[in-house]
Amino acid sequence: MKANLKNIALRWTILVIVFLLIEIYAFQAFKTVFKNKWILKIYIVFNALVICNLLYRFLVINNSSLNFSDVFYNYLSIPFAFVITLFGFKLIISSFLLFEDFTRVLISSFNFLFSTTESNNFLIGRRGFISKISILFAALPIPFVLHGIFRGRYNYRVVNYELEFDDLPEEFDGYKLTHISDIHSGSLQKKNKVEYAVDLINKQNSDLVLFTGDFVNNKANELNEWKKIFSTIQSRDGKFSVLGNHDYGDYVSWNFEEDKKKNFSNLLKIQAEMGFKLLLNENIKISSKSQSISLVGVENWGKGGFKKKGDIDKACQGLTENDFKIVMSHDPSHWDKILKKHNTRFHLTLSGHTHGMQFGIEIPGLIKWSPVKWAYKYWAGMYNERSQYLNVNRGFGVLGFPGRVGVWPEISVITLKKV
Ligand SMILES: [Fe+2]
């Protein structure tokens, strides 16, 4: 017990020292670059405001009956993002100065041995230069992060695809699907922006609207506020959905198992009320005159520790080799690990889940990069292997970081063509 306490105390001491060092280094850099006392005062007040804002909101939640996980996005996510951004800013500055101090020790030791006054002057001048560079470098990402929080997350993009198939039933030549994913209702904030996005979905005038999971972050009641808006999504032949890993209520604690079950059945009920037909390891035929295509919806199946309730064989029951198949599966690793190697040909699979990490650089035809590519081979956009397509939608909402930088919220519109 004693050893455990000692361990905790030691960890906290190290953490406090590291935080203090970062604060001191950042302040020193400001002091070196800005001689004006007012700028330093503004720097201190700004820091205090950002931190106090977060603490104040924590206190409000603690002194109310609000549940932390229910209100995180409304009360804390942006103040929290500000604190993290500010910390990142100071961390970059400190890294520069720490490295400079390290080289300074090396050079000073050399000078001590072969004493030259010129090199000491050089070191003093260099401190000012490094401080300037570090502040400049650390400030560079800030406009992008702020844009991501206040604009980027609402920068809805319609991404169009035209896919050709030789075995598409003729009646479906020109058939249009709108694919959306990862709404994460608990993170949505501005009603007018969500209404704008729904309007954009409706303007696509699609035959089908297909939603590939994560309607909520944790709880079905996140949808109460948004249910009415999502009910207005229109499509000629219906709206269909599957579940994502967040839809099972697995990431929050429940007092009783019964509460978790109730939450789940409530989510199914709300989806039905919004007009979404949820496909749980099952398929449905979409008919046009005498022809049809099959829509196959599986529950979540994800590599690693993610839920593996998706059962493609069960979902395909009753289908034949000749059926034209569109699969909805939340996690693209399902396609990578199982679907694309399956002995059945799945013409088109629709996924989401990655959100493109809500961060990356994408310039069509030039560069497509996000750190999420290290975790997911198929992380955004359309892929084609073994005559089968996979579309990984970049998502509608956000999770964790309350913004998007470089990877924008997406509405995919896929037109099927017969060749
Ligand atoms: Fe998601």
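Domain bounds here come from an automatic or database domain assignment. On that basis, the protein chain is divided into domain 1 (2–139) and domain 2 (158–418). Please keep in mind that this is a predicted model, in which local features need pLDDT of at least 70, side-chain atom pairs count only at pLDDT 80 or more, and totals for chains, interfaces and linings use all residues. Residues are numbered from 1 along each chain as its sequence is written.

**The chain as a whole**

- The protein chain has ten helices and 14 strands; helices (H or I, at least four residues) and strands (E, at least two) are DSSP runs, numbered from the N terminus.
- Along its principal axes, the C-alpha trace spans about 90 × 50 × 45 Å.
- Of the 419 residues, 35% count as buried. A residue is buried if 20 or more other C-beta atoms lie within 10 Å of its own, exposed if 12 or fewer, and partly exposed in between, with C-beta atoms placed from the backbone.
- Among contacts between residues at least 6 apart in sequence, 76% join residues at least 24 apart. Two residues are in contact if their C-beta atoms, placed from the backbone, lie within 7 Å.

**The two domains**

- Taken over C-alpha atoms, the centres of domain 1 and domain 2 are separated by 41 Å.
- Six residues from domain 1 and nine residues from domain 2 make up the contact.
- On the domain 1 side, the touching residues are three nonpolar, two polar and one charged. In this scheme Ala, Val, Leu, Ile, Met, Phe, Trp, Tyr, Cys and Pro count as nonpolar, Asp, Glu, Lys and Arg as charged, and the others, Gly among them, as polar.

**Helix α3**

- Helix α3 (residues 68–114) bends by about 60° at L76, and the proline P79 follows within four residues. The bend is the angle between axes fitted to the seven residues ending at a residue and the seven starting there.
- Its buried residues are Y73, S77, F89, K90, I93, S94 and L97.

**The six-stranded sheet**

- Six strands form an open sheet in the order β6-β7-β8-β9-β13-β12, with mixed pairing; two strands pair if DSSP finds at least two bridges between them.
- β6 (282–288) and β12 stand at the edges with a single partner strand each, so one side of each is left without a neighbour in the sheet.
- Strand β12 (residues 381–385) pairs with β13 (residues 388–392) in the antiparallel sense over five bridges, and M382 has N391 as its bridge partner in β13.
- Two residues lie between the strands of this β12 and β13 hairpin, where R386 takes a positive phi near 50°.
- Strand β9 (residues 348–351) runs parallel to β13 and is joined to it by four bridges; here T349 has L390 as its partner in β13.

**Two buried residues to look at**

- P332 is in helix α10 (residues 332–337) and counts as buried because it has 28 C-beta neighbours inside 10 Å.
- Leaving aside neighbours within four places in sequence, P332 is in contact with S351, H353, T354, Y376, Y378, L390 and V392.
- N217 sits in the loop between β3 (208–211) and α7 (227–231), and counts as buried because it has 25 C-beta neighbours inside 10 Å.
- Not counting residues up to four places away in sequence, N217 touches H184, G186, S187, E222, H246 and L399.
- From C-alpha to C-alpha, N217 and F114 are 63 Å apart in space, and they are 103 residues apart in sequence.
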